[in-house]
Amino acid sequence: MTEPTSCASGGPRRFAPLEQADFRGLRHAASLKGLLQPFKGNGPLEAWASDCHALRDALTDMAQRRVLAQANQYPYLLLPIHLAQQTTGAGTSFLRWRRHDRSAMGVALWQEMMASTATPEGLIDDLHAMEVQRVVLNMQVSLLHTLGRQAMDCANKIASAEAVYLRRSTPRSEGSQRGSDPTP
């Protein structure tokens, strides 16, 4: 984590956004290594899907440790809304703004808080940095989830095609061949 820096409003910045160094510990973080290759079976696709999902989970963990940990400390915990993690039915976790009582959720709450004169001027830059970080992390998590899911779907289709191919190309017993032979 970096030391507080000054921001556009002249006050100290309390929120430290993620930097490139934070991503170095994540496997394949610098690129989509593995996507553009001639997958020749379902095994390599399943392995790549697993890599995508592991990277998604590692990114989610980093967001929880580095972003949510900061966002849920003083002075942000005094605000009417907070940044929280929400897990979808598909098992993917995203960062969402929500009220403390969980009565409402969404970016509209953040927009209202930013427009409110009750929001301390000294927090505006940090709240903006949090929103930018939230949007980027959610996009990254979503893409990794989708790539992994698509790779698994492709692996399943290849396995199905392989099964059909093997049924057709496997030599049949002589008796079953005679029964299906159209010539007398």
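Reader: C154: buried, exposed or partly exposed?
Author: C154 counts as partly exposed, because its relative accessibility is 33%; buried means under 20% relative accessible area, exposed over 50%, and partly exposed in between, with a 1.4 Å probe and protein chains only. This is a predicted model, where local features need pLDDT of at least 70, side-chain atom pairs count only at pLDDT 80 or more, and totals for chains, interfaces and linings use all residues. Residues are numbered from 1 along each chain as its sequence is written, and side-chain values use heavy atoms, with hydrogens and water left out.

Reader: Where is C154 found?
Author: In helix α4. Helices (H or I, at least four residues) and strands (E, at least two) are DSSP runs, numbered from the N terminus.

Reader: And how far apart are C154 and A49 in space?
Author: Their C-alpha atoms are 9.8 Å apart, while in sequence C154 and A49 are separated by 105 residues.

Reader: Back up a bit. How many helices and strands does the protein have?
Author: There are 5 helices and 2 strands. Starting at the N terminus, the order is α-α-β-β-α-α-α.

Reader: What share of the residues is buried?
Author: Of the 184 residues in the protein, 32% are buried.

Reader: Which residues touch the most other members of the largest nonpolar core?
Author: L59 and L127, in a core of 28 residues. A nonpolar core here is a set of buried Ala, Val, Leu, Ile, Met, Phe, Trp, Tyr and Cys residues joined through side-chain atoms within 4.5 Å.

Reader: Which elements give two or more residues to this core?
Author: α2 (42-71), β1 (81-87), β2 (93-99), α3 (107-115) and α4 (124-169). The most comes from α2, which gives 7 residues.

Reader: What does L59 touch?
Author: Not counting residues up to four places away in sequence, L59 touches F23, L26, L137, Q140, V141 and L144. Contact means heavy atoms within 4.5 Å.

Reader: Now the helices. At what angle do α2 and α4 pack?
Author: At about 160°, with their axes 8 Å apart. Axes are lines fitted to C-alpha atoms, for helices over the stretch in contact, and angles run from 0 to 180 degrees between N-to-C directions. α2 and α4 are therefore roughly antiparallel; angles over 145 degrees count as that, under 35 as roughly parallel, 65 to 115 as roughly perpendicular and the rest as oblique.

Reader: What is the crossing of α2 and α4, left-handed or right-handed?
Author: Left-handed. That term applies if the near helix is turned anticlockwise from the far one by less than a right angle, and right-handed applies if clockwise.

Reader: Which classes of residue make the contact of α2 with α4?
Author: It has 20 nonpolar, 7 polar and 3 charged residues. Ala, Val, Leu, Ile, Met, Phe, Trp, Tyr, Cys and Pro count as nonpolar, Asp, Glu, Lys and Arg as charged, and the others, Gly among them, as polar.

Reader: And how far apart are the axes of α3 and α4?
Author: 11 Å, with a packing angle of about 165°. Because of that angle, α3 is roughly antiparallel to α4. On the α3 side the contact is made by V107, W110, M113 and M114, and on the α4 side by I124, L127, H128, E131 and R134.

Reader: New topic: F15. Where is it found?
Author: F15 is in the segment before α1 (20-23). F15 counts as buried because its relative accessibility is 2%.

Reader: What is F15 in contact with?
Author: V67, Q70, Y76, D126, A129, M130 and Q133, leaving aside neighbours within four places in sequence.

Reader: Last one, the loops. Which residues does the cis peptide bond join?
Author: Y74 and P75, with omega about 5°. P75 is in the loop between α2 and β1.

Reader: And where does R102 lie?
Author: In the loop between β2 and α3. R102 has a phi near 65°, which is positive in a residue other than glycine. R102 is exposed, since its relative accessible area is 61%.
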